[in-house]
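I set out to look up selected residues, their contacts and the charge pairs in this entry. My notes follow in the order in which I made them.

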Amino acid sequence: MVELALVGLGMVATLVVIVRRSPFVSLPSILACLACIGFLHAAAMTRFAAHPVFPFERTVTVRGYVVAVEDRGKGAARLLIQPVEIDPPPRGGLPPLVRVTTRGAPPAPGEAVVALARLAPPMPPPLPGGYDFARVAWFTGIGASGFTYGAVKPWPEAPPASTKLVLLSGIETLRVAAAGRIRAALPGDTGAIAAALIVGDRAGISDATNEAMRIAGVSHVLSISGMHMSLVAAFLFGGIRLFLAFIPAIALTLPIKKIAAALSMLGTGAYFVVSGMDVPAARSMIMVAVSLFAVLIDRRALSLRVIAVAALIVLALSPQAVMEPGAQMSFAAVVALMAGLEAWRAGRDEAGDGGDVSLLARLVRRFAFWLMAALTATVVAGLATLPMALYHFGRLAPLSMIANLVTEPLVSFLIMPMGLLAALMMPMGLEDWPLAAMGSGIDAMIVVAGIVADWTPGGGLYGRPMGWTMLAVTGGGLWICLWRGRKRWLGLAPVLLGFLFAAVGPSPGLIVAGDGSLVLIREEGGAWHKVGQKGGFMLDVWMAALGIEPARLSPLGRDAPCDAEACLLPAATGRASVSVVTRPFAFGDDCAVAAIVVSGLEAPRWCRPSGALIDGRQLALTGTLTYDIRTNDDGGLVLKETGRVLGNPRRPWFAATR
């Protein structure tokens with residue numbers, strides 16, 4: 001509670017300065033006070049979200065209710081379970097939710113089940129400064145994750161479920177049934193993407209298609225967010241208003257614009273519920289609701305003030321959103337587009353209308369205007385989200401402008417309208433032809449993404465730049481968006497400075513996984529070597545953050561052969577010898593041979609390698625570690641720690657050490 005006391009004192013001191021009403025310090029004091037309130041609110045919400053976290057990995061019997069079911073393909077499903085009993089009971093109490101992957105026939109949402117599962121605390125970031133899965137799990141109530149041994153079974157002795165769970169399971173059952181009908185009408189990736197756009201179920205999309213869309217810069221289409229909510233609201237608003245305009249008795253006596261806004265708000269809310277109500281969709285729903293509410297009170301629906309109100313509501317409800325890449329990129333794109341729109345409006349007011357022209361000339365001019373607007377919007381949104389995408393994902397999408405310029409019309413005028421029509425006609429069983437039209441647009445989008453991905457050199461890998469450089473770019477961009485007149489261009493200075501030093505950040509020479517199972521080491525020539533039998537997702541995250549192409553990574557077994565007890569990378573010119581020990585017997589040999597010994601086990605006290613020992617005792621306190629490798633005057637190896645995942649004090653969402 002020390003930080004809360006400090007923030008409270010800062011607020012009091014700031015309010016005292018404000019009360020004095022000094023013209024030189026009032027605005028900075030107000031901003032400082034708001035910052036203090038923000039930190040206080042974030043700390044309070046973190047404690048409000050507190051729940052038990054599974055203490056360590058173990059096998060348990062879980063009994064509870066299925067909250068959500070996600071089909072992962074190939075006979076696997078991911079279940080979100082609300083536990084009622086866990087045997088043996090975990091220290092600290094039951095977590096609100098656990099997430100497990102299972103095989104076999106998945107249970108229905110709301111069903112009471114029992115399963116033998118291997119559970120562990122939520123995964124910490126795979127790299128210092130990386131995406132924090134444990135933080136996301138903390139604020140969503142997930143206290144453990146893992147997998148089941150065999151299929152889950154019914155639990156006939158379960159107590160009655162709560163009313164809230166029955167309601168949520170009913171919605172989830174509707175979503176699962178709708179996703180099944182969509183995939184039955186559109187098999188393969190086409191149906192999987194259609195299900196993602198209509199009901200928010202992204203399961204079943206192949207890795208190849210996901211990767212192609214990510215490289216092409218169009219993967220944002222797969223996640224229901226601002227674009228989808230805005231399109232649904234726009235089509236509902238326009239369609240309802242047009243329909244009411246055809247009825248003179250209503251159009252001449254009632255405010256059909258406000259009626260259309262209210263009804264489209266209800267329709268968009270229904271789409272939000274059916275789409276799964278995930279966090280990005282919730283943020284987008286708030287933004288759309290604020291815009292439509294502005295119409296109801298006779299205010300401009302599209303303005304920076306509306307975006308500011310939406311941002312305040314989002315951060316008041318979920319202050320953790322400020323750390324989420326989706327929220328950062330969503331608000332950055334919307335703010336940049338809105339600032340560009342307001343600048344265009346200001347210039348348009350001063351321009352003439354061009355006089356009377358023929359119908360053909362007007363059509364040509366409108367098409368040219370639409371083309372330029374689409375191109376400009378793509379460029380503006382891409383530039384606005386570039387620093388966030390680069391920092392969080394270590395990737396560039398240099399050809400995303402081409403891909404988005406082709407796919408945006410497909411999404412806006414074919415895919416989403418037909419998806420909305422299919423959802424409206426699904427209760428009557430008439431969704432086949434809208435889904436067929438939607439599928440044709442999705443097929444074209446997949447083809448475009450594949451072509452652009454093939455054209456992108458190196459898959460767009462760049463590496464993660466230093467954090468301050470992207471903060472400078474973002475701050476400069478905000479200055480350009482929020483100020484008017486010539487002084488707005490002062491923001492170009494930090495933008496250029498940030499991009500100038502974006503590639504200067506030093507990369508570590510050694511990365512050690514938090515469980516001691518994997519090591520990545522760089523030799524003086526720049527080549528990278530993987531030591532350890534594991535890889536997969538964690539290795540992919542490391543390579544993306546470092547900008548390592550697969551061709552630059554030595555294949556497993558060529559330089560660091562493994563046996564049942566350890567993996568050993570021999571010493572070479574410009575490279576230290578490294579051993580990753582998986583069984584205790586290997587310490588006897590490798591502690592004497594390798595300069596660096598890494599293990600998730602607790603090494604014996606007599607293990608003294610010439611360089612460094614990094615074992616389970618240390619990793620339990622630090623998580624994943626990064627080091628610089630140096631040599632001292634005597635030629636000995638020196639490791640300098642440059643980053644760790646688990647800091648001190650420990651974040652509340654990380655499981656306590658045993």
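**Entry 1: F272.** I located F272 in helix α9, residues 256-274. Helices here are DSSP runs of H or I with at least four residues, strands are runs of E with at least two, and both are numbered from the N terminus. I read a relative accessibility of 15% for F272, so F272 counts as buried. The cut-offs are under 20% relative accessible area for buried, over 50% for exposed, and partly exposed in between, with a 1.4 Å probe and protein chains only. Leaving out residues up to four places away in sequence, I listed M229, M277, D278, A281, A282 and M285 as touching F272; contact means heavy atoms within 4.5 Å.

**Entry 2: basis of the values.** I note that this is a predicted model, in which local features need pLDDT of at least 70 and side-chain atom pairs count only at pLDDT 80 or more, while totals for chains, interfaces and linings use all residues. Residues are numbered from 1 along each chain as its sequence is written, and side-chain values use heavy atoms, with hydrogens and water left out.

**Entry 3: P434.** I found P434 in helix α15. Its relative accessible area is 0%, so P434 is buried. Which residues does P434 touch, not counting those up to four places away in sequence? I recorded M418, L421, A422 and M425. For P434 and L421, 13 residues apart along the chain, the C-alpha separation is 6.5 Å.

**Entry 4: salt bridges.** I looked up the salt bridges and found 13 in the structure. The criterion is a side-chain nitrogen of Lys or Arg within 4 Å of a carboxyl oxygen of Asp or Glu. One of them joins E431 and R181, at 3.0 Å from N to O. This pair links distant parts of the chain, 250 residues apart: E431 is in the loop between α14 (400-425) and α15 (432-455), and R181 is in helix α4 (residues 163-185). E431 is buried, at a relative accessible area of 6%, whereas R181 is partly exposed, at 36%.

I then turned to E211 and R395, whose side chains also form a salt bridge of 3.0 Å, N to O. Here too the pair links distant parts of the chain, with E211 in helix α6 (residues 207-216) and R395 in the loop between α13 (359-393) and α14, 184 residues apart. I noted E211 as partly exposed, with a relative accessible area of 28%. A network of salt bridges links E211, R214 and R395.

Between D615 and R617 I found a salt bridge whose closest N and O atoms are 2.9 Å apart. Is D615 buried or exposed? D615 is buried, with a relative accessible area of 6%, and R617 is partly exposed, at 33%.

**Entry 5: helix α6.** I listed T209, N210, A212, M213, I215 and A216 as buried in α6. The buried residues of this helix pack against α5 (188-199), α14 and α15. After α6 comes G217, with a positive phi near 80 degrees.

**Entry 6: backbone.** I checked the backbone with one rule in mind: most residues other than glycine have a negative phi, and most peptide bonds are trans. Phi of D298, a residue other than glycine, is positive, near 60 degrees. I placed D298 in the loop between α10 (279-296) and α11 (304-317), and D298 counts as exposed at 57% relative accessibility. The peptide bond from D87 to P88 is cis, with omega near 0 degrees. P88 is in the loop between β2 (76-87) and β3 (97-103).

**Entry 7: the whole protein.** I counted 20 helices and 16 strands. Of the 658 residues, 42% count as buried. The C-alpha trace spans about 90 × 65 × 60 Å along its principal axes. Among contacts with a separation of 6 or more, 62% come from residues 24 or more positions apart.
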